[in-house]
Amino acid sequence: MNKALFGAGCFWGIEEFFKKVEGILETKVGYSGGHTKNPSYEDVCSGSTNHAEVVLIEYDKNQISFEDLVNHFWICHDPTTLNRQGPDIGTQYRSAIFYFNDNQKQIAENSRMAQSKLQNITIVTEISEFKNYYKAEEYHQKYIQKTGL
């Protein structure tokens, strides 16, 4: 099983975006990159945990590569705004790629550099080693699909 972990603003929209990509087997929203164990949504929203809202993606590498997933990541949010996506402001909404191995790290860093040069922009996306992931509360899972938003 292959995994990718991205933060790109509110996890509801990012999950909805990625679940439509061919080769994605499963998506789960949660929290990553912070220091608090088993945080709640309220904890994360307080800004005190340093967790980002993220989507954990399981994918079929025979259908889509990690590099292709990163390319999708760049187009589903604005990687030039620090700790903000649209009206959502705070460190929990930061742009982030959490890598699981050195190959993912290399791909993410090369892609960030290429996107920055290609678009002549400064990308603030954090690229960090995976350290933790906590699944968000059940009512957040597939939220847009459940609510029809």
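Trainee: How many bridges join strand S2 to S3?

Mentor: This is a predicted model, in which local features need pLDDT of at least 70 and side-chain atom pairs count only at pLDDT 80 or more, while totals for chains, interfaces and linings use all residues. Residues are numbered from 1 along each chain as its sequence is written, and side-chain values use heavy atoms, with hydrogens and water left out. Helices (H or I, at least four residues) and strands (E, at least two) are DSSP runs numbered from the N terminus, and two strands pair if DSSP finds at least two bridges between them. Strand S2 (residues 24–32) and S3 run antiparallel, and the number of bridges that join them is 8.

Trainee: Which residue in S3 is the bridge partner of Phe6?

Mentor: S3 also pairs with S1, in the antiparallel sense and over 5 bridges. In S3, the residue that partners Phe6 is Val55.

Trainee: How many residues of S3 are buried?

Mentor: Buried means under 20% relative accessible area, exposed over 50%, and partly exposed in between, using a 1.4 Å probe and protein chains only. Both faces of S3 are covered, with Ala52, Val54, Leu56 and Glu58 on one side and Glu53, Val55, Ile57 and Tyr59 on the other. S3 is therefore largely enclosed by the rest of the structure, the buried count being 8 of the 8.

Trainee: Within what arc do the buried residues of H4 fall, seen down its axis?

Mentor: The buried residues of H4 are Gln104, Ile107, Ala108, Ser111 and Gln115. They line one face of the helix, because the arc, taken from the directions between the helix axis and the C-beta atoms, is one of 95°.
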